[in-house]
Amino acid sequence: MKRILHPEEVNHTTRFIFDNEINANTLERLITEFAPLKKSKKPNVGNTFKYIDIVSKSSIEITEKYISFFPSLAQDNQKIEETRERIYRIVARKNEVYFKTALDNHQLALISLISGDLRSGANLLYYSLHKFFSSAMYEYLNNIVDISDEQILVEELRHFGSRIYMRSLDSLNGLITQLTNEDYIDTIEKRVNPYVLSRVIYDNKNLSLIENDLVQYINYLLLKKWEFNLFDADIKHKISHTISNYSSQGGDGEIDTAILTAIQKYLEKDDTENILFLLDAFAIRLYWLRQTADYEYDFEVKTSNRELCIIASCLETMLNNFNIQEPFDLDQYFLMNDNENSIDTENEEIKYEPIKCYDAETKFPDEIEFQSSGYITFLTAIHLEPEYNKTFIIKTLNLYENIRNDGSYFILSSTKSGQNDIHLHINSEGRWYAWIDNSSKVINSRTYLLQQFNYFLIGLAKRYQELFGQDLNFNIISSAPKEKKSEDESRFLQIVHTKEALDLEIINAQNKISNLLALKYGGYTEKNLIIIDNLKIVLNILVNDNFSPISMGYDSLLDSYILDSAPQDFIFLNVFISDVYSTDNLNKLSNIIQFVNHEVSNNIATWLNISKDKFLSVASVLTSKELDYMLDNASVHTNLEESLITLLNDTIYFKLRNNDIKNSYKDTLEKIIERTCREKYFLATLGMWYFRNEALSTYERFRKGSDLYTEALKLGQKYTLQLEYNYNYELGNCCRACNYLESAIYYFNEAKKFNEEVETEINQIINDILIQIEKNTALV
């Protein structure tokens, strides 16, 4: 159930949406789980069950489509996860759970294959197949036979063994049939026979969708193990003769006999049903690989990374084309930037899907002799498609204009100045290595390498099509790029390169977070700045305790706006990354933030050579895990967002105090209020904008300004005296501007009651107004 993992915020509630409408039994179980004290299990309104707790001022709504909680759980990630798990245990059906497990096993298998761990890969691929069949069984019994999970009486699915296959062979011919509630156990057996089950679940399915992949794999297996070709004219005779030689053997001979018998059955028939015999051979071989991986020391000799890659490709096709739920989805894994979805090759734009990239354990191979001048950023990628042909790829590389052959590897030269070359190596197993030399001097070298490798593959496919007149259809997955340091490098240079790499990572993180914040508030980024409604925000990520200008990376600004702008045109958002200061104590956290902001402000003032009252700066503290989560999930942490909106509000407030009135300030404040009304001073600042905006009508200034301040004052006791002072001061100021001078004196006198420190200042204002009244009277 994909969506239930990501609850939605709807009108101050947290809503968990079900993929499918739930039945009455499931609805009752949810009510029992979340409202056990509720006596009535009947709906309150329409088909909605609603439980309200007056004491805690909370409520729960349960319908056939969702369950919703008020107040929102948005600020408590642990509570969200605990609630999600409680819902999932009740709502999720077995077919969905098994299918998700099949997907997860498949993903983990791919990671193992990237890492070169064949034993884990074989195990995970087999259990992906087994869980897929279990899922298909429950999906069939639920939807076709119309039996709920609680009513299904069969036991777990048996394994795809060779002996059970040979015993079942006679009953598999012409078995495709639809089951009923009365006969399903007799047909698929109490301990479910997987080969019989395949004939049932694939009834009326489009088997041709999986045939090509299975044919390619079986042909690969025949060539590698028996040196047969599935398309040989005498293939039937070769298989029959081989089977007869195995008849007296046990052990692996028994396995091979079952596999060849299934292939023989496929060749004997000429209808849709025969494809299932290829599936039998595939499953028997994969089960044997799993068994061998567990118990035999020479497993790696009996298979290869290439075979397991083809098996993974076949499984992916099955998972994609069996409509149990949504198509196979890898979005939750680390992929390229979604914006990088095209390549400009010789002025012709080619659309493509970036290769899937996994965080797998990898190392740079010893067999590649490469002398590095520093750090290497590298990745490894593998071909999953059965049609992989190294010879054709090598030919294409040698006929590629920007690639030169350097012996054990190729070098792809960049066509753009200032960009690094990419080194490439490919082996007979379909494994690529791509790397950048001296990568510590490349900004965001990991992303750069991944992007360039994607571009290369598209260019390779285009060149291949030009040379050989056919498409190069590849299915490639890669590791996330990693770094390898030179073994000959001195410790001092290692420290230097590490510092350079860290600085580049900080710059990359700043750029990513700047883009996220700009996008969320309708702004844009330019020259390391976030521009939101003409406000220029400098984002700094701080990773050490000295808070120095060097650590904050201000040098880049010297080359851009600082030279042409007044320092007060900038506002500074400083994010301090530290696990040492991670704490749940709000008072302590507040003190830390104040300390960080004080130290950073001092350094900014020194750097700009101005006093601290000439600019605004605010700090936020995040842990390294919180930063990683933001970067990996393209989301803005609550603490950082609150710091940003506080900074924006304070900046606009001071600009309004200086009678700098812009319509863009109103837009910014309305965006903030739309997202959060937790802090009432946002409303007050917007009220101030109305009071001071002389372009508006007198009525609109008084009505909107007063309404907003009144609403702010209703939100609680915090800052009430300050807000009362501001409200009366701004109202008096507006009355004065609109020539309601007696009213202005009244409100200024009211303002003094809430802030004794400004009495002298306000008395002077009142005195000036009295002089103005005398002048007006004299004129009359």
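**Confidence first.** I began with the confidence values of this predicted model, and I noted that the mean pLDDT of the protein chain is 80, with 81% of its residues reaching 70 or more.

**The whole chain.** Of its 780 residues, 50% are buried, and the chain exposes about 39,000 Å², of which carbon and sulfur atoms supply 47%. I also asked myself what share of the contacts with a separation of 6 or more joins residues 24 or more positions apart. I wrote down 68% for the protein chain.

**Strand β9.** I turned to strand β9, residues 376-383, and asked how many of its 8 residues are buried. The count is 8 of the 8, so the strand is largely enclosed by the rest of the structure. When I sorted the residues by direction, I376, F378, T380 and I382 pointed one way from β9, while T377, L379, A381 and H383 pointed the other way, and all of them are buried.

**An open sheet.** I followed another set of strands and found an open sheet of 5 strands in the order β16-β17-β18-β19-β20, with mixed pairing. Which strands stand at the edges? They are β16 (524-526) and β20 (616-622), each with a single partner strand, so one side of each is left without a neighbour in the sheet. From one strand to the next, the twist averages 30 degrees. I checked one of the pairs in this sheet: β16 and β17 (residues 529-532) pair in the antiparallel sense over 3 bridges, with I530 in β17 as the bridge partner of T525. Helix α21 (residues 638-657) lies across β17, β18, β19 and β20, and I noted that it runs at about 170 degrees to β20.

Finally I looked up helix α4 (residues 118-143), whose 26 residues reach 37 Å from the first C-alpha to the last, close to the 38 Å expected at 1.5 Å a residue. Of those 26 residues, 21 are buried, and I therefore described α4 as mostly covered. For helix α15 (residues 445-468), I found that its 24 residues should span 34 Å at 1.5 Å a residue, which agrees with the 34 Å between its end C-alpha atoms. Is α15 enclosed or open, I wondered, and how many of its 24 residues are buried? I counted 18 of the 24 as buried, so α15 is largely enclosed by the rest of the structure. Just after α15, G469 takes a positive phi of about 70 degrees.

Methods: Residues are numbered from 1 along each chain as its sequence is written. This is a predicted model: local features need pLDDT of at least 70, side-chain atom pairs count only at pLDDT 80 or more; totals for chains, interfaces and linings use all residues. Side-chain values use heavy atoms; hydrogens and water are left out. Buried means under 20% relative accessible area, exposed over 50%, partly exposed in between (1.4 Å probe, protein chains only). Contact means heavy atoms within 4.5 Å. Accessible areas come from the Shrake-Rupley method with a 1.4 Å probe; for residues, only the protein chains shown count as cover. Helices (H or I, at least four residues) and strands (E, at least two) are DSSP runs, numbered from the N terminus. pLDDT is the predictor's confidence in each residue, from 0 to 100. The expected span of a helix is 1.5 Å times one less than its number of residues. Two strands pair if DSSP finds at least two bridges between them. Axes are lines fitted to C-alpha atoms, for helices over the stretch in contact, and angles run from 0 to 180 degrees between N-to-C directions.
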